[in-house]
Amino acid sequence: MECSKCGKTFSYKLVGTVYPGCKTSEDINCPYCNNKCGSVMTSQFVETTKEENEITKNPKKLIIEQETEMMEDMTEGQLAEYIADNFSDFGD
């Protein structure tokens, strides 16, 4: 399954005892960003697992993804300050 928010892939499975007739809606949340990616009617629990190819990505790419996710939550002022502090040497 692919997360609609962060785009990373993961899998899920249902675990626990099956109780006929005792179903509730269980959310399927992304194990990377906790975004709700779906739901399933079941008496079991949803267990999500990160995909191996997402875990073994290039470390530089992971840093870029983390920085991008962090910057998405910043206000314009915070972002401007972050860019000025961390990327000021590119003009030299």
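Helices (H or I, at least four residues) and strands (E, at least two) are DSSP runs, numbered from the N terminus. The structure described here is a predicted model, in which local features need pLDDT of at least 70, side-chain atom pairs count only at pLDDT 80 or more, and totals for chains, interfaces and linings use all residues. Residues are numbered from 1 along each chain as its sequence is written, and side-chain values use heavy atoms, with hydrogens and water left out.

Ser4 belongs to the segment before β1 (10-15). Because its relative accessibility is 65%, Ser4 counts as exposed (over 50% relative accessible area, with buried under 20% and partly exposed in between; 1.4 Å probe, protein chains only). Apart from neighbours within four places in sequence, Ser4 is in contact (heavy atoms within 4.5 Å) with Asn35 and Cys37.

| Pair | Kind of distance | Value |
|---|---|---|
| Ser4 and Cys30 | C-alpha atoms | 9.1 Å |
| Ser4 and Asn35 | side-chain polar contact | 3.3 Å |

A polar contact is a pair of N or O atoms within 3.5 Å; within protein, one must be able to donate a hydrogen and the other to accept it, and residues adjacent in sequence count only if both atoms are side-chain atoms. Ser4 and Cys30 are 26 residues apart along the chain.

Strands β2 (residues 24-29) and β3 (residues 36-42) pair (at least two bridges found by DSSP) in the antiparallel sense over six bridges. Ser25 has Met41 in β3 as its bridge partner. Six residues stand between the strands of this hairpin, where Asn34 takes a positive phi near 65 degrees.
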